[in-house]
Amino acid sequence: MRAPECRASFERFKELAQLPNLTGVYIERVENANDYVACLKGVRNLQKLSVAGSTLTNHGLNEICVNHPNLRELDIGDTKITDLGLEPLGKLQQLQSIRIHNPIRELSEDFNDPHPELRSF
């Protein structure tokens, strides 16, 4: 379920860790996105995650890839992730859809795509 304009306090958001069967979370346009991602560590069945337009960094993306290897859909568009920070995506063997677009920068020519078979929608 997606509630586009639902706003929860960080304290309430941390309670999501008590929902291990949660499959989708949308944390879009938030500050301190890495802290929000850390709260999801115990949500082992997460399949869909969007942190689009947030302050997610390379460290936060690595945490996502380590703690949620079964992700199928990931939106990291318009975040603070650099080309080097994309390397952990290779850990997401179940990934079917990803959005990486960032209108401020383009990927460098030497970027080695860990999932060349995926299409961005």
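Visitor: Why is E11 called exposed?

Guide: Because its relative accessibility is 51%, and exposed means over 50%, with buried under 20% and partly exposed in between (1.4 Å probe, protein chains only). By the way, this is a predicted model, where local features need pLDDT of at least 70, side-chain atom pairs count only at pLDDT 80 or more, and totals for chains, interfaces and linings use all residues. Residues are numbered from 1 along each chain as its sequence is written, and side-chain values use heavy atoms, leaving out hydrogens and water.

Visitor: What makes E11 and K14 a salt bridge?

Guide: Their side chains meet at 3.2 Å, N to O. The term asks for a side-chain nitrogen of Lys or Arg within 4 Å of a carboxyl oxygen of Asp or Glu, so this pair passes.

Visitor: And why is K14 called partly exposed?

Guide: K14 comes out at 34%, so it sits in that in-between band.

Visitor: Is D75 buried or exposed?

Guide: Buried, because its relative accessible area is 16%. R99, at 25%, counts as partly exposed.

Visitor: Which residues are joined into one network with D75?

Guide: D78 and R99, through salt bridges that share partners.
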